[in-house]
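Have the viewer open and follow along.

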Amino acid sequence: MLWNKKIVIGITGSIAAYKAACLCRALIKKGAEVQVVITPAGKEFITPVTLSALTQKPVVSEFFTANDGTWHSHVDLGLWADAMLIAPATAASIGKMANGIADNILITTYLSMKAPVFIAPAMDLDMYAHPSTQQNLNKLQSFGNYIIEPATGFLASALEGKGRMEEPDKIVEILENYFAHSTDLARKKILITAGPTYEKIDPVRYIGNYSSGKMGFALAEAFATRGAEVVLIAGPVKMETIHPNIRRIDVESAKEMYQSAIEEFANVDTAILCAAVADYRPKNYSENKLKREDKGDFSLELTANPDIAATLGKLKKANQLLVGFALETDNEQTNALAKLQKKNLNFIVLNSLKDEGAGFQGDTNKISIIDAQGKTTAFEMKSKKAVAEDIVDFLRNRLS
Ligand code: CTP
């Protein structure tokens with residue numbers, strides 16, 4: 001998997017820098033081409049001579065060579081690499097990367113990087129646990145970077161806890177896995193609907209629901225990371241998308257989501273309908289804010305919204321897959337299978353509100369996937385990100 005892969009290894013000033021030598025060696029043994037970029041503090045922990053001997057390439061540590069003025073282009077490195085791995089990554093460098101403080105060539109290389117970036121933090125347990133470090137790591141993750149969580153164990157400070165850089169063998173395995181999966185869905189086109197819809201009552205009120213969009217966005221990210229081209233039709237959510245393979249269409253109401261889904265469906269291999277679409281909308285939208293009238297109860301007349309899943313089910317061609325979601329509170333299996341049949345879906349992903357940790361707002365989910373014959377594949381409770389991976393893995397063979 002690493003054969004001929006071009007990898008930039010960024011080394012920062014941590015005692016774990018000595019492990020970077022093993023990392024370079026392990027990657028080279030697997031056939032990768034490695035270019036080291038090191039910070040001034042990194043050089044205090046491991047010498048460029050060791051690293052250039054191992055990688056057979058001069059180590060990049062300054063913007064230019066002082067004696068002859070040769071310019072080292074971080075932009076070229078950003079275009080050259082298939083992946084960048086920052087190992088060890090100190091709290092200081094993590095902070096600089098998260099905030100764009102480009103005061104050394106490692107940070108400018110990171111900011112110019114076109115390839116995926118993997119970050120392996122290494123620091124004392126309290127530094128790692130500090131909200132500032134955690135916030136910076138979350139920020140980096142939200143930019144689409146991969147964080148290789150540190151291990152728990154004996155630290156250079158003589159304390160014990162979470163902060164040890166992950167072992168080189170494990171890091172190599174993570175990169176191998178990434179490359180194994182990164183392109184297996186290349187050229188596949190996936191449509192995903194996500195989030196709630198808002199149905200306007202008047203200029204200040206709407207009918208909505210608690211859907212956060214997290215599951216749909218995790219799916220979009222998982223497909224995009226595996227090389228698929230994703231069209232994400234998102235209802236009103238506070239979520240960001242960064243991955244270049246994701247084209248996002250923001251909509252508000254069920255009707256808008258329906259329009260976009262119909263337009264996009266003909267060009268995709270699979271549609272996954274994660275959105276919690278409002279079944280009804282107010283029959284009449286009031287241009288002016290509705291006033292409270294002291295007449296007791298108030299009734300709002302509703303009219304049915306179009307069913308996106310059922311419409312796509314009718315338009316579906318033999319080479320297309322249609323996957324729905326069902327969030328149920330009772331008779332889960334029966335209700336989900338009935339929905340699959342009614343809407344002509346190939347699969348339905350069921351989550352039950354009875355399962356703690358499943359459903360709308362949280363970061364976890366527990367699903368089962370049911371096919372048209374009623375065959376059910378159940379999964380453990382996992383983070384929505386891991387659930388998305390399971391769904392992608394499940395659909396991958398059916399897609400090809
Ligand atoms: N769905 C859709 N368009 C709608 C309603 C639902 O595309 N107007 C999709 C959802 O995205 C989901 C599947 O249909 O993939 C099932 O959604 P759900 O709301 O559970 O189905 P309903 O048919 O609305 O059933 P219920 O009466 O339980 O609300």
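Predicted model: local features only at pLDDT ≥ 70, side-chain atom pairs only at ≥ 80, totals over all residues.

## Around Asn-209

The side chain of Asn-209 gets to the backbone nitrogen of Ser-211 at 3.0 Å, a polar contact (a pair of N or O atoms within 3.5 Å; within protein, one must be able to donate a hydrogen and the other to accept it, and residues adjacent in sequence count only if both atoms are side-chain atoms). Residues are numbered from 1 along each chain as its sequence is written, and side-chain values use heavy atoms, with hydrogens and water left out.

You'll find Asn-209 in the loop between β10 (205-207) and α9; helices (H or I, at least four residues) and strands (E, at least two) are DSSP runs numbered from the N terminus. Asn-209 and Val-277 sit 68 residues apart in sequence, yet 8.6 Å apart in space, C-alpha to C-alpha.

## Two nonpolar cores

The largest nonpolar core has 35 residues, and Ile-192, Leu-219 and Phe-223 are among those with the most contacts inside it. A core here is a set of buried Ala, Val, Leu, Ile, Met, Phe, Trp, Tyr and Cys residues joined through side-chain atoms within 4.5 Å, with buried meaning under 20% relative accessible area (1.4 Å probe, protein chains only). Elements giving two or more residues to this core include β8 (189-194), α9 (214-225) and α13 (384-399). The largest share, eight residues, comes from α9.

A second, separate core of 32 residues includes Ala-32, Ala-87, Val-172 and Leu-175.

## Where the domains meet

The chain splits into domain 1 (6-181) and domain 2 (189-284 + 299-399), with bounds from an automatic or database domain assignment. Their C-alpha centres lie 37 Å apart. Seven residues from domain 1 and five from domain 2 make the contact, meaning heavy atoms within 4.5 Å.

How much area do domain 1 and domain 2 bury between them? About 500 Å², with 48% of it on carbon and sulfur atoms; buried area is the accessible area (1.4 Å probe) that two parts lose on being put together, summed over both. In domain 1, Ser-142, Tyr-146 and His-181 lose the most area to domain 2, together 65% of what that side buries. Across the interface, the rule finds zero residue pairs in polar contact (both at pLDDT 80 or more).

Definitions and conventions
Buried < 20%, exposed > 50% of the residue type's maximum accessible area, 1.4 Å probe, protein only.
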